Amino acid sequence: MANKEIPYKIYLEESELPRQWYNVRAHMKNKPAPLLNPATYKPMTAEELEPVFCRELVQQELNDTDPWIDIPEEIVNFYKMYRPSPLVRAYCLEKKLGTPAKIYYKFEGNNTSGSHKLNSAIAQAYYAKKQGLKGVTTETGAGQWGTALSMACAYFDLDCKVYMVKVSYEQKPFRREVMRTYGATVTPSPSDTTEVGRKILAEHPGTTGSLGCAISEAVEAATSQEGYRYVLGSVLNQVLLHQTVIGLETKTAMDKYGIKPDIIIGCAGGGSNLGGLISPFMGEKLQGKADYQFIAVEPASCPSFTRGKFAYDFCDTGMICPLAKMYTLGSGFIPSANHAGGLRYHGMSSILSQLYHDGLMEARAVEQTSVFQAAEQFARVEGILPAPESSHAIRVAIDEALKCKETGEEKTILFGLTGTGYFDMVAYEKYNNGEMSDYIPTDKDLEAGFAGLPKVPENL
């Protein structure tokens with residue numbers, strides 16, 4: 001089909017919703033390294049993980065072999081409330097930039113949670129309910145994951161306890177109130193409600209918190225209460241698996257119109273959105289069926305990929321979680337209180353870390369003032385106010401489109417628009433008032449985090 005016939009928005013039929021998640025690990029030559037027990041340095045078994053995570057989610061977490069995993073019908077029916085999500089041709093942005101590039105974005109903000117997070121939240125809540133649990137605990141950074149999980153728990157009548165990074169709790173009171181409206185209990189982290197929270201507060205008085213801190217508190221809360229399990233909104237293999245509905249829908253829509261992206265871009269904090277978007281395309285690359293350029297975009301204030309180390313590390317600041325091999329800044333690294341939202345995690349998905357380490361994708365770090373400049377430019381011509389996280393991908397998409405303007409290349413660019421920024425107006429206010437600054441950690445700052453990496457035997 002000729003490009004002139006491609007509509008602004010490409011919608012799939014309800015019947016075209018994915019009925020299986022795609023497990024990219026099945027086609028990876030080098031599998032992600034296993035989670036390790038921090039006491040023994042041996043791979044975590046299902047029996048060791050089940051006191052923390054739901055039983056069936058543990059099986060998904062450990063599954064490196066099955067390329068396709070069926071989506072339960074009840075989850076598919078929930079997806080139908082807001083999926084398939086649109087694939088949008090950014091005609092107005094292309095015209096504004098004067099670029100020969102063709103720009104597409106997959107928009108995941110058309111649900112109350114405002115982001116892609118609901119794709120995994122409903123799956124994790126479903127498995128918790130199926131197991132007969134009372135409730136779940138979690139952490140949240142920008143609040144999108146906490147909002148999504150509170151919605152999912154309300155749907156299945158589960159209790160939901162959310163530990164929200166303190167700086168976001170203070171910056172985004174309305175996001176907090178949406179969670180409470182859906183029945184969740186929201187606690188600013190670190191808090192004095194858990195042993196690990198009190199320890200972190202004693203060691204770092206006045207800290208604004210981090211996702212690593214909030215994870216520690218959520219895990220302690222889950223393991224100390226009967227009938228509860230911990231659920232996570234990013235990083236883990238199971239979460240990237242659920243998010244592949246994004247990439248599967250995108251690929252189906254593009255295939256219908258004969259579109260092949262040259263460059264695929266996603267923001268990267270823990271990796272759920274990026275992994276979900278690129279997995280089906282990466283699967284083709286791994287099998288030698290097609291080639292694409294993948295770009296992960298992260299904040300310069302928390303540069304896990306671009307300045308981190310590929311090593312085993314704790315997934316949380318309190319050092320009570322299993323060890324994961326990933327690109328990390330150290331579990332003790334606490335980023336500045338900037339407006340990168342949910343992109344403030346110290347590490348990165350083990351799947352994406354392995355793909356990056358193998359040279360199958362690249363990464364770029366961008367500063368927040370340039371991110372908000374791109375967000376404002378996008379909002380003015382495309383009519384959507386993007387989330388700060390999403391705007392990292394917008395920044396690099398615009399950069400790539402401008403390169404095409406210089407060279408005359410007609411590349412096709414695809415990026416993930418993970419959600420909306422209507423609860424991020426404090427950040428937009430600071431940008432508009434000229435009060436936003438850029439913070440880039442020094443090598444000395446990073447060395448302090450690297451110094452806390454566990455001494456894992458090299459022969460593992």
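Strand β12 (residues 309–314) contributes the most to the lining of the largest pocket, giving 3 residues; helices (H or I, at least four residues) and strands (E, at least two) are DSSP runs, numbered from the N terminus. This is a predicted model, in which local features need pLDDT of at least 70 and side-chain atom pairs count only at pLDDT 80 or more, while totals for chains, interfaces and linings use all residues. Residues are numbered from 1 along each chain as its sequence is written, and side-chain values use heavy atoms, with hydrogens and water left out.

Rolling a probe the size of a water molecule over the atoms shows where empty space is left. Here a 1 Å grid is laid over the protein atoms alone: a cavity is a set of points where a 1.4 Å probe fits but cannot get out, a pocket is an open set with protein on both sides within 12 Å along at least five of seven lines, and lining residues have an atom within 4 Å of a point. Grid points are joined across faces, edges and corners, and a volume is the space filled by probe spheres set on the points.

The largest pocket holds about 300 Å³ of space, and of the 15 residues that line it, Tyr 312, Lys 325, Val 456, Pro 457 and Glu 458 are the closest to its centre. Its lining divides into 12 nonpolar, no polar and 3 charged residues, where Ala, Val, Leu, Ile, Met, Phe, Trp, Tyr, Cys and Pro count as nonpolar, Asp, Glu, Lys and Arg as charged, and the others, Gly among them, as polar. The second largest pocket has about 230 Å³ of space; it too is lined by 15 residues, and those closest to its centre are Ala 33, Pro 34, Leu 35, Glu 61 and Asn 237. By class, this second lining has 10 nonpolar, 2 polar and 3 charged residues.

Two packed helices are described by the angle between their axes and the distance between the axes. The axes of helix α12 (residues 244–256) and helix α13 (residues 272–286) come within 5 Å and cross at roughly 60°, the axes being lines fitted to C-alpha atoms, for helices over the stretch in contact, with angles that run from 0 to 180 degrees between N-to-C directions. Angles under 35 degrees count as roughly parallel, over 145 as roughly antiparallel, 65 to 115 as roughly perpendicular and the rest as oblique, and α12 and α13 are therefore oblique to each other. Residues in this contact (heavy atoms within 4.5 Å) include Ile 246, Leu 248 and Met 254 of α12 and Leu 277, Pro 280 and Phe 281 of α13, and the contact divides into 6 nonpolar, 5 polar and 2 charged residues.

Helix α16 (residues 368–382) and helix α17 (residues 388–407) have axes that come within 8 Å and cross at roughly 85°, which makes α16 roughly perpendicular to α17. Among the residues that meet are Val 371, Phe 372 and Phe 378 in α16 and Ile 394, Arg 395 and Ile 398 in α17, and this contact divides into 8 nonpolar, 5 polar and 1 charged.

The backbone, finally, has some local features to inspect. A cis peptide bond joins Arg 83 and Pro 84, with omega about 0°, and Pro 84 is found in the loop between α3 (73–79) and β4 (87–89). Ser 189 and Pro 190 are also joined by a cis peptide bond, with omega about 5°, and Pro 190 lies in the loop between β8 (185–189) and α9 (195–203).
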